[in-house]
Amino acid sequence: MRTISTTRDGARIYSRCLLACYDFLIYRVLSPYVWRCDPRHFLELYQRNMSGNHADVGVGTGYFLNQCSYKPGAVRIGLFDLQPNCLRYTAARLARFQPETFECDALEPIPFTGKRFSSIGLGGILHCIPGDLTEKGIVFDAITSLMEPTSRVFGYTILNQGVRKTLFSRIVFFLLHRMKVINGASDSAAQLHVELNKRFKSVDVRVVGCIALFNAGDSLLSHGAI
Ligand SMILES: C[S@@+](CC[C@H](N)C(=O)[O-])C[C@H]1O[C@@H](n2cnc3c(N)ncnc32)[C@H](O)[C@@H]1O
C-alpha cells in the first residue's frame, strides 16, 4: 500500500492552523493513546543526544527544542524543513536562540555549506516521507552535508510492522495514511536497523508502543563537501 507519491505530500498538511493545535494533538492524544509512547521518551531522547551545536530536520513546531535545557547564547540551532510554515513557526518559538533556518527537501542531498552540526534530530520525519524504509534511508545520506563524522543522529518514527497494534491505532494509521499525512505501511524496527547499520558503526533502536526511537553515531558515510 503506497499512498504518498510525492515528497511534498508529507509536508503539505502543516498549515498555520494545524500547527496551532499540533502539540496538543500529537503529544497529548496521538502519542500516548494511539501509538502508546509517552512523550517523555522523546524528551529523554533529546536530553541525551542534543548537543550545543544542533540541527533539526523536519521541525514541525519545535516542541522538544523549546524544552531544551540550553540557555540562549549557549546553543546553536539549525532548522531544516520543506514546509515554510513549520520553519516560521519554530523559528518564532525559538527566537531566543536565534536559530538558522533552511528550506530544503530531506530526500535530496541538502546543499548546506555552513559550519557542520554535532547532533542532528530527525524526529517524526521518516514516517512522513514516501517509500519504504530502504528508500527513506536516503535521508541519512541527504544530511551528510550537515554532519561531522562524529555527529550523533537521533529521532523517532511510527512503525506499522512487528509492533503490537490496537484497533484504535490500526484505524488512525489507516486514516492518516489515506490522508497522506503519514506513510510507511511496511516500516519495521528491523528495516530501520538495517538502514542505520549501513551508515553508522554505533546504532541503537528501541521500540515503545508503535514508535521506534533511534540514535546512531560513528558515521561510515563520506563527509566531503557537496
Ligand atoms: C511529523 S512532523 C515532525 C515534527 C517534529 N520533529 C516532532 O517531532 O514533532 C514532520 C516534519 O517533517 C517535515 N517534512 C516532511 N517531509 C519533508 C521532506 N521531504 N523534507 C524536509 N522536511 C519534511 C514536515 O514539514 C514537518 O515539519
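Reader: In what sense do strand β1 (residues 53-57) and β4 pair, parallel or antiparallel, and over how many bridges?

Author: Strands of a sheet pair through backbone hydrogen bonds, in either a parallel or an antiparallel way. Here β1 and β4 are parallel partners, with three bridges between them. Two strands count as paired if DSSP finds at least two bridges between them. Strands are DSSP runs of E with at least two residues, helices are runs of H or I with at least four, and both are numbered from the N terminus. Residue numbers start from 1 along each chain as its sequence is written. Please keep in mind that this is a predicted model, in which local features need pLDDT of at least 70 and side-chain atom pairs count only at pLDDT 80 or more, while totals for chains, interfaces and linings use all residues.

Reader: Thanks! In what order do the seven strands form the sheet?

Author: Reading across, the order is β3-β2-β1-β4-β5-β7-β6, in an open sheet with mixed pairing. β3 (100-103) and β6 (200-208) are at the edges with a single partner strand each, so one side of each has no neighbour in the sheet. From one strand to the next, the twist averages 15°.

Reader: Which strands are joined to β5 by six bridges?

Author: β4 is one, and it runs parallel to β5 (residues 147-158) over six bridges. There, Gly 123 has Tyr 156 of β5 as its bridge partner. β7 is also joined to β5 by six bridges, but this pair runs antiparallel. Look for Thr 157 opposite Ala 212 of β7, and for Gly 155 with its bridge partner Phe 214.

Reader: How many bridges hold β6 and β7 together?

Author: Eight, in the antiparallel sense. Val 207 is opposite Ala 212 in this pair. The hairpin of β6 and β7 has two residues between its strands, and Gly 209 takes a positive phi near 60° there.

Reader: Which residues other than glycine have a positive phi?

Author: Most residues other than glycine have a negative phi. Lys 180, with phi near 65°, is one case with a positive value, and Asp 218, at about 60°, is another. Lys 180 sits in the loop between α7 and α8 (189-199), whereas Asp 218 belongs to strand β7 (residues 211-219).

Reader: Which residues touch the most other members in the largest nonpolar core?

Author: In soluble globular proteins, nonpolar side chains tend to be buried together. This core has 60 residues, and Ile 120, Val 139, Ile 143 and Ile 211 touch the most other members. A core is a set of buried Ala, Val, Leu, Ile, Met, Phe, Trp, Tyr and Cys residues joined through C-beta atoms within 7 Å. Beyond its neighbours within four places in sequence, Ile 143 is in contact (C-beta atoms, placed from the backbone, within 7 Å) with Val 57, Ile 110 and Ile 120.

Reader: What does helix α4 touch on the sheet?

Author: Helix α4 (residues 84-93) packs against β2 (76-81) and β3, and its direction makes about 160° with that of β2. Such angles run from 0 to 180 degrees between N-to-C directions, using lines fitted to C-alpha atoms, for helices over the stretch in contact. Cys 86, Leu 87, Tyr 89 and Thr 90 of α4 are buried, and their cover includes α2 (16-34), β2 and β3. Leu 19 of helix α2 touches Asn 85, Cys 86 and Tyr 89, among others. Elsewhere, α8 lies across β5, β6 and β7, at about 165° to β6.

Reader: How many residues surround the ligand?

Author: There are 21, and the closest are Gly 58, Gly 60, Gln 83, Gly 123 and Gly 124.

Notes. A residue is near a molecule or strand if its C-beta atom, placed from the backbone, lies within 6 Å of it. A residue is buried if 20 or more other C-beta atoms lie within 10 Å of its own, exposed if 12 or fewer, and partly exposed in between; C-beta atoms are placed from the backbone. Two residues are in contact if their C-beta atoms, placed from the backbone, lie within 7 Å.
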